[in-house]
Every structure is written in C-alpha cells, then in structure tokens.
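Here's a quick tour of how two chains meet. Have the structure open while you read.

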Amino acid sequence: MSGVLDIVYAEYNYWIYVTLMMIGFYAMIAKKNLIKKIIGANIFQTAIFLFYISLGEVEGGTAPILVGGHGEHAAEVAHEVIYVNPLPHVLILTAIVVAVSTTAVALALVIRIYQEYGSIEEDVILAARRKLQPEFSEHARLKGGEDE
Amino acid sequence: MKTLALFVVILAGAMLIYAGQDLPAFGDINSPAYQHRMTQYFIENSLSESGVPNIVTALLANYRGYDTLGETTVIFTAGMAVILLLRRREK
C-alpha cells in the first residue's frame, strides 16, 4: 500500500493536472451554457500548461535566469547553480498567447450568437434555429433523405 | 447525456493516469528532458550567443524568433476576427 502511495506522491503533479483536465473536459462536453463551455476549455488549457511547466521542474533548481549574468562581471557566471528546464517555459509562453487569442475569438462569437438568438444556452439556440430553418432539424433531414 | 459525458471524461482521465506512470518523477534531475544536450546547451551557451541573462527570453526572441513572429500573426488574425465579428453592421 505504501508503494502505491509513494508512486502517487512522486508523480502528484500528473494527478493534479489530470484532475484539472477532467474538470475542464466535463464542462466542455456536458454544460449547455456557451460561456461555461469556454471556461471549461480554459481550465483544460491551464491543465496542459501546468503539465508542461511541471515537466521542466528540477528539485532545488532556480528560475532560468543566469546568476551573475548582469553587469560588468557577466563573464563570471556561476556554473554550479542548478536551473530548471527553460524549454517548457518558452513553449508554454507561446501556448498562453494562442490560448488568449482563441478565447477572444470564442467570446466574440458568443456575443454575436447572443445578438442573433437572444440566448447563450445551446438547446434554446438549436430550437430557435430549427424554427428558422426546418431543414436544419434532424427529423426533417432524415425524412428528406428517404424522399430522395 | 450527462452520464455519457462523465464516462468519457473518467475514461480519458484513467488513460492519462495510466500513461503518466511512465513519466519521470516530479523534480527529477535525471529526467531525459533535462539531461538532453539541447537543454544543457541552452543553459550553458545562451548568454555568450545572445547576450541575455534570462534564458527564456533568449530562447523566445533569439533561437525561436520565427516562432514568435508566427505568434504575432496568430494574435493579429484573432484581433481581425474579433473586429469582423463585433463591428457595427449597417442594414
């Protein structure tokens, strides 16, 4: 039993990110409210960011800014210092920007949908859409397929 | 519908936990990603090659400069999409 606990403790960062990912994924699939879906997508993205950053972590490591790298004594950079892995930080910096961009576009789309249908609930929007365009509904499409 | 969603989510989580058992432990200095020579190269040579003490900045703006240029394209495209979606329409 303690062996299992040791495994969980050694990799607890993965458990945290998997839990966060499940919360975000469930919100994306099950919630009808479009804003809640976007919040779920953001939680999902944050889980991925945490996963990458935790992969770069080194025990006892400091931030990847060279100690003694500033000023006149730049040549005397300390070599015995342990730095955390800088590569995941760079990748996630790019990913955060993409995440912000996609969130902005998604929120703008939700604003347009609200202006058009007066609601951000998925089922209300689909019902209004079926009323506007009967050929859009599942039932009519199946029926039309049989006729042709 | 909610039960199906819960099932899919728990299945995905269980698969990730299962796959995560092979990943290196948290803070492990012997992890392949840290011991790889690219990581060691950037930590040792980024100051002499780019003159920036912050390794993340050196990587982002120097070694991955084209990636950052593409990133600005992403922001520009997103901004244009938001403007096109939200501008006032004349009827």
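What follows looks at the interface, then at one helix pair and its surroundings.

## Ground rules

This is a predicted model, where local features need pLDDT of at least 70, side-chain atom pairs count only at pLDDT 80 or more, and totals for chains, interfaces and linings use all residues. Residues are numbered from 1 along each chain as its sequence is written, while chains are lettered from A and ligands numbered from 1 in the order in which they are written.

## Where the chains touch

On the A side, 40 residues are in contact with 37 residues of chain B (contact means C-beta atoms, placed from the backbone, within 7 Å). Helix 2 (12–30), helix 3 (34–56) and helix 4 (86–117) of chain A each give two or more residues to that side; helices here are DSSP runs of H or I, at least four residues, numbered from the N terminus. Helix 4 of chain A brings the largest share, 15 residues.

## A helix pair across the interface

Helix 4 of chain A packs against helix 5 (residues 65–86) of chain B at about 10°, axes 9 Å apart (axes are lines fitted to C-alpha atoms over the stretch in contact, and angles run from 0 to 180 degrees between N-to-C directions). So helix 4 of chain A is roughly parallel to helix 5 of chain B, the label for angles under 35 degrees. Among the residues making the contact are Val97(A), Ala104(A), Val74(B) and Leu85(B).

Helix 4 (residues 55–63) of chain B has Ile55(B), Val56(B), Ala58(B), Leu59(B) and Leu60(B) buried, that is, with 20 or more other C-beta atoms within 10 Å of their own, C-beta atoms being placed from the backbone. These buried residues pack against helix 4 of chain A, along with helix 3 (37–50) and helix 5 of chain B.

How values were computed:
Two residues are in contact if their C-beta atoms, placed from the backbone, lie within 7 Å. Angles under 35 degrees count as roughly parallel, over 145 as roughly antiparallel, 65 to 115 as roughly perpendicular and the rest as oblique. A residue is buried if 20 or more other C-beta atoms lie within 10 Å of its own, exposed if 12 or fewer, and partly exposed in between; C-beta atoms are placed from the backbone.
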